[in-house]
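This briefing is for a reader who is meeting the structure for the first time. The sequence and the model come first, and the notes follow by topic.

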Amino acid sequence: MTGELRALTSVRGIAAWLVVLYHIRGAIAGLPAGIEALLARGYLAVDFFFLLSGFVIWLTWHDRLRTPGASWRFLQKRIARIWPLHAVMLGFGVALALLLRATGRDDPAFPFAELPLHLLLIQNWGFTDALRWNDPSWSISCELAAYLLFPLLVVAVDWRRLPTPALVGIAAAILLALHGAMQGAPSLGTDIPRYGLIRCLCEFATGTILAALFLRTRAHGSIAIPGLATAATAAAWALGAPETLAAPATFAGLLLTLAHTAGRRGHPLEGRAIHYLGDISYATYLSHFLLWKAFRLPLDAAMLPTWLIAGYLALVLTASVALYHLVERPAQRRINALSIRRRFVPAA
């Protein structure tokens with residue numbers, strides 16, 4: 001277990017806002033083509049999220065989960081982290097859907113028959129064929145699957161006992177397996193209901209290996225190897241290597257590099273403001289999509305001027321702050337305070 005790596009929290013905030021801009025890029029009037037093309041890759045921030053999630057979860061829990069009963073506590077804390085805010089935003093989606101229905105504007109993105117799947121956060125486990133309700137919650141559904149499997153991973157293998165070349169080889173094999181599973185897909189964002197779960201599980205597992213590598217090498221504080229690896233995979237990607245292989249590999253190197261630089265004096269990602277954006281990033285990520293749908297309802301225009309886009313971004317930021325302090329954190333405290341006891345009945 002290690003203390004918070006503030007730079008990683010901050011970069012989570014940056015990634016969340018890249019997803020926001022990805023979803024609204026087509027409606028920003030006057031956006032230069034080059035910037036729009038860059039924002040069109042914003043969906044890749046989710047792949048960084050998956051790697052980062054596995055990384056942080058391993059750092060925090062790999063030792064604690066080896067004690068009796070710790071798996072229940074782990075799952076309790078993870079559900080407290082992801083479900084309450086998801087439920088609130090899903091409720092907002094229901095209210096929006098009822099409003100549309102009442103005004104004769106039914107939206108096929110709000111199928112009430114699928115609502116139980118979304119409420120249980122299992123919608124992206126192969127039960128649906130399209131993203132519906134609150135689209136970004138697909139990744140939270142996949143994260144829940146990763147959380148449920150993580151205690152089994154800890155029991156099955158202890159990355160700390162394997163030599164470094166083996167860890168690197170296993171991580172490479174996992175990412176190759178992801179590429180193989182998505183063979184023929186032009187991007188990591190292709191057919192999310194089909195590929196999203198394997199995308200998450202492979203990247204989450206790779207993140208746990210990166211955490212083990214970090215713990216092994218952090219005393220040296222060297223960023224040369226992960227930095228060179230990042231540069232090499234990024235160059236291969238730029239030269240035409242498939243995104244389904246090159247992007248996760250590049251993000252893996254970037255994550256290790258950021259972890260090794262965290263805590264250094266004057267680090268640009270360790271300031272209070274940018275760190276706070278990371279703190280509220282989950283609220284930003286889960287709220288922005290439905291807020292965008294609601295924001296555009298009264299606007300009869302495909303493209304929006306800069307001042308309206310700025311107004312929407314301010315709305316997302318305000319909602320993120322409010323949801324973090326009024327929903328996310330209080331719900332976590334209440335759920336985490338619940339006592340989960342297991343009673344074992346001795347065999348007769």
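Are α6 and α8 parallel or oblique to each other? They are oblique, with an angle of about 45° between them and their axes 9 Å apart. The model is a predicted one.

**Helices α6 and α8**

- The crossing that α6 makes with α8 is right-handed.
- On the α6 side, the residues that meet α8 are W138, C142, E143, A145, A146, Y147, L149, F150 and L153.
- On the α8 side, the residues are I192, G196, L197, R199, C200, L201, F204 and T208.
- By class, this contact of α6 with α8 holds 13 nonpolar, two polar and two charged residues.

- W138 sits in helix α6.
- Its relative accessible area is 5%, so W138 is buried; the cut-off for buried is under 20%.
- From W138 to L197 the chain runs 59 residues, while their C-alpha atoms are 8.8 Å apart in space.
- Leaving out residues up to four places away in sequence, W138 touches V46, F50, Q123, N124, L131, I192, G196, R199 and Y285.

**Helices α3 and α8**

- Helix α3 covers residues 45-61 and helix α8 covers residues 192-217.
- The axes of α3 and α8 come within 7 Å and cross at roughly 50°, and the two helices are therefore oblique to each other.
- This crossing of α3 and α8 is right-handed.
- From α3, the contact takes in V46, D47, F50, L51, S53, G54, F55, I57, W58 and L59.
- From α8, the contact takes in R199, C200, E203, F204, T206, G207, T208, L210, A211, A212, F214 and L215.
- The residues of the contact of α3 with α8 comprise 14 nonpolar, five polar and three charged.

**Helices α12 and α13**

- Helix α12 spans residues 281-296, and helix α13 spans residues 306-337.
- Their axes come within 9 Å and cross at roughly 135°, which makes α12 oblique to α13.
- The α12 and α13 crossing is right-handed.
- The α12 residues in the contact are Y282, A283, T284, S287, H288, L291, W292 and F295.
- The α13 residues in the contact are L308, I309, G311, Y312, L315, V316, A319, S320, L323, Y324 and E328.
- Of the residues in the contact of α12 with α13, 13 are nonpolar, five polar and one charged.

- S141 belongs to helix α6, which runs over residues 137-156.
- S141 has 0% relative accessibility and therefore counts as buried.
- A polar atom of the S141 side chain lies 3.0 Å from the backbone oxygen of L121.
- The S141 side chain also reaches the backbone nitrogen of N124, at 3.1 Å.
- Not counting residues up to four places away in sequence, S141 touches L121, I122, Q123, N124 and W125.
- L121 is placed in the loop between α5 (115-119) and α6.
- L121 is a residue other than glycine, and its phi is positive, near 60°.
- With a relative accessible area of 1%, L121 is buried.

- D191 lies in the loop between α7 (164-181) and α8.
- The phi of D191 is positive, about 40°, although D191 is not a glycine.
- D191 has 36% relative accessibility, so it counts as partly exposed.
- L31 lies in the loop between α1 (6-24) and α2 (33-39).
- Apart from its neighbours within four places in sequence, L31 is in contact with R25, E36 and L39.
- L31 and T230 are 199 residues apart along the chain, and 29 Å separates their C-alpha atoms.

Conventions. Residues numbered from 1 in each chain as written. Predicted model: local features only at pLDDT ≥ 70, side-chain atom pairs only at ≥ 80, totals over all residues. Heavy atoms only, no water. Helix = DSSP H or I, 4+ residues; strand = E, 2+ residues; numbered from the N terminus. Buried < 20%, exposed > 50% of the residue type's maximum accessible area, 1.4 Å probe, protein only. Polar contact = N/O pair within 3.5 Å; in protein donor to acceptor, adjacent residues only side chain to side chain. Contact = heavy atoms within 4.5 Å. Axes fitted to C-alpha atoms, helices over the stretch in contact; angles between N-to-C directions. Parallel < 35°, antiparallel > 145°, perpendicular 65-115°, else oblique. Left-handed = near helix turned anticlockwise from the far one by under 90°. Nonpolar A, V, L, I, M, F, W, Y, C, P; charged D, E, K, R; others polar.
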